[in-house]
Amino acid sequence: MKQVTLNIPEDQFLFFMQLVRSLNFVQVADPKKLEDTLTPAQRETWQAIKAGFEEMNEVEKGQRQARPIQALFDELGV
């Protein structure tokens with residue numbers, strides 16, 4: 001069996017998934033199950049990355065205020 005990774009526009013994702021699932025020869029991996037295969041350290045890193053992207057999206061939408069880069073540097077001791 002071959003495996004394919006695709007990037008689908010967000011607004012077309014549901015349609016695409018319905019189409020793919022209608023094909024009897026295609027197996028679709030459940031993203032939640034993929035997260036379940038991570039080690040605890042990998043899961044912690046993945047959760048931090050997801051939280052960072054969610055925070056970035058909130059900043060872009062104006063729902064959260066970004067902090068100045070100098071504050072990050074100060075926190076890191078740079």
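This is a predicted model: local features need pLDDT of at least 70, side-chain atom pairs count only at pLDDT 80 or more; totals for chains, interfaces and linings use all residues.
Let me begin with a term we will need: a salt bridge is a side-chain nitrogen of Lys or Arg within 4 Å of a carboxyl oxygen of Asp or Glu. With that in mind, please look at Glu 58 and Arg 64, whose side chains meet in a salt bridge at 2.8 Å, N to O.

In general, side chains of opposite charge can pair when their charged atoms come close.

The structure holds 3 salt bridges, and one of them joins Glu 75 and Arg 67, again at 2.8 Å from N to O. Glu 75 has a relative accessible area of 57%, and because exposed means over 50%, Glu 75 is exposed. Across the protein there are 9 positive and 12 negative side chains, and the centres of these two sets lie 8 Å apart.

Let me now turn to the helices. The protein has 4 helices and 0 strands, and its radius of gyration is 18 Å, well over the 12 Å that the globule rule gives for 78 residues, so the protein is more spread out than a compact globule. The C-alpha atoms fill a box of roughly 55 × 30 × 15 Å along the principal axes, and buried residues make up 4% of the 78 residues.

Helix H3, residues 40–60, includes Pro 40, which counts as exposed at 64% relative accessibility. From its first C-alpha to its last, H3 reaches 30 Å with its 21 residues, close to the 30 Å expected at 1.5 Å a residue. Pro 40 and Phe 25 are 15 residues apart along the chain, and their C-alpha atoms are separated by 33 Å. After H3 comes Gly 62, whose phi is positive, near 80°.

Finally, what is the number buried among the 8 residues of helix H4, residues 69–76? The number is 0, so H4 lies largely in the open. H4 is followed by Gly 77, whose phi is positive, near 75°.

Key:
Residues are numbered from 1 along each chain as its sequence is written. Side-chain values use heavy atoms; hydrogens and water are left out. Helices (H or I, at least four residues) and strands (E, at least two) are DSSP runs, numbered from the N terminus. Buried means under 20% relative accessible area, exposed over 50%, partly exposed in between (1.4 Å probe, protein chains only). The expected span of a helix is 1.5 Å times one less than its number of residues. The radius of gyration is taken over C-alpha atoms; the globule rule is 2.2 Å times the number of residues to the power 0.38. Lys and Arg count as positive and Asp and Glu as negative; His and the chain ends are not counted. The place of a charge is taken as NZ of Lys, CZ of Arg, CG of Asp or CD of Glu.
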